[in-house]
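Open the model in your viewer and keep the selection tool at hand. The stops below say what to select and what is there.

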Amino acid sequence: MPPKQALCCISVDIDAVAGWLGSYGGEDSTSDISRGLFAGTVGVRRLLKLFAKYDIKTTFFIPGHSLETFPEECAMVRDAGHEIGLHGYSHENPVAMTVEQQHAILDKTYKDLTKFCGKPPRGSVAPWWEASQEGAELMLKYGVEYDHSLSHHDCLPYFLRTGDKWTKIDYGKHPETWMKPLEKGPNTGLVEIPANWYLDDLPPMMFIKKAPNSHGWVNPKDVEDLWRDHFDYFYREYDDFCYPVTIHPDVSGHPHAIFMLERLIEYISTKPGVKWVTMADICDDFKSKNKPEKGAMMPAEHGAILKDPNLQLQLA
């Protein structure tokens, strides 16, 4: 039997204040903005300490708002050798925006991260994991190599298919108008690293006043069991897989979640074949073993958008 390979990544979304502005309904609450300030300062520093303890290099997806609001903490992330990826500006929902708005945000955040890191970002996470078809096409034109927003699988990367079409139900019409299968869109060369709501700390452990199903007080040991079960199943059923966990300093910067992460890291690290990696490492591993479909829309040359003003004009 071939040796196991388990590429494990605990990525971090620094939503902080941006999350309350764009997604969580706290833009008018000084209390919620205060929680965002905790996340961008105390929470980020605690997570950096956690990763340093276990000598783990991971990926931080940083909204432009967080980059500009918490430059000191973001510099600590960069200087510790972690990868930094795109995550909108104010955690805006891409599906709610026009193409022009999506382009303006991607253009600013892509250039700002390139200047901040000294190299263009390779990956992106759509805020709220609400990816849009236009967003995928924009990422390809900017040379973004991977996305981490969709859930066609839960432990195997794949090449993203964009532009799927489906028919919504309209009860005011005859059923024949909606009894149609999903139509698959064209394939791309953009690597999709699965997003998984069951491997995300925020839904069970972050209280959101305006969310009707908000939790926030789930025992972290229950979440730990859920995350261990995912890993154990993947490890039993697959010889080569990724284990992509998503955390936020808003949640995992608090003591109960840090203790949970320590226990999980120590448990997973006992398994042969486990490697703690960045999202870019998962992308590179997948591309080394798989080729895009012939004719697939491919990402532009990495960083080419910064060198060729004609490309920028075409997107404007």
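This is a predicted model: local features need pLDDT of at least 70, side-chain atom pairs count only at pLDDT 80 or more; totals for chains, interfaces and linings use all residues.

**Stop 1: a helix pair**

Select residues 30-53, helix α2, and residues 71-79, helix α4. How far apart are their axes, and at what angle do the helices pack? The axes are 9 Å apart, and the angle is about 15°. Angles under 35 degrees count as roughly parallel, so α2 and α4 are roughly parallel to each other. Their crossing is left-handed.

Now show the side chains at the contact. From α2, pick Gly 40, Thr 41, Val 44, Arg 45 and Leu 48. From α4, pick Glu 72, Glu 73, Met 76 and Val 77. Colour them by class: the contact of α2 with α4 has four nonpolar, two polar and three charged residues.

**Stop 2: the cores**

Next, select Trp 227, Phe 231, Tyr 243, Ile 247 and Ile 268. These residues have the most contacts inside the largest nonpolar core, which has 64 residues. Which helix gives the most to this core? Highlight residues 255-268: helix α10 gives eight residues.

Centre the view on Tyr 243. Leave aside its neighbours within four places in sequence. Its contacts then include Leu 7, Cys 8 and Cys 9, as well as Trp 227, Phe 231 and Ile 268. Arg 228 and His 230 are also among its contacts.

A second core is separate and has 17 residues. To find it, select Leu 7, Val 191, Ala 280 and Cys 283, which are among its members.

**Stop 3: helix α6**

Move to residues 133-141, helix α6. Gly 135, Ala 136, Leu 138, Met 139 and Leu 140 are buried here. After the helix comes Gly 143, with a positive phi near 80°.

**Stop 4**

Most residues other than glycine have a negative phi.

Select His 91 in the loop between β3 (83-86) and α5 (99-117). Is the residue buried or exposed? His 91 is buried, with a relative accessible area of 2%.

Finish at Trp 128, in the loop between β4 (123-124) and α6. Trp 128 counts as partly exposed, at 29% relative accessibility.

Conventions: Residues are numbered from 1 along each chain as its sequence is written. Side-chain values use heavy atoms; hydrogens and water are left out. Axes are lines fitted to C-alpha atoms, for helices over the stretch in contact, and angles run from 0 to 180 degrees between N-to-C directions. Helices (H or I, at least four residues) and strands (E, at least two) are DSSP runs, numbered from the N terminus. Angles under 35 degrees count as roughly parallel, over 145 as roughly antiparallel, 65 to 115 as roughly perpendicular and the rest as oblique. A crossing is left-handed if the near helix is turned anticlockwise from the far one by less than a right angle, and right-handed if clockwise. Contact means heavy atoms within 4.5 Å. Ala, Val, Leu, Ile, Met, Phe, Trp, Tyr, Cys and Pro count as nonpolar, Asp, Glu, Lys and Arg as charged, and the others, Gly among them, as polar. Buried means under 20% relative accessible area, exposed over 50%, partly exposed in between (1.4 Å probe, protein chains only). A nonpolar core is a set of buried Ala, Val, Leu, Ile, Met, Phe, Trp, Tyr and Cys residues joined through side-chain atoms within 4.5 Å.
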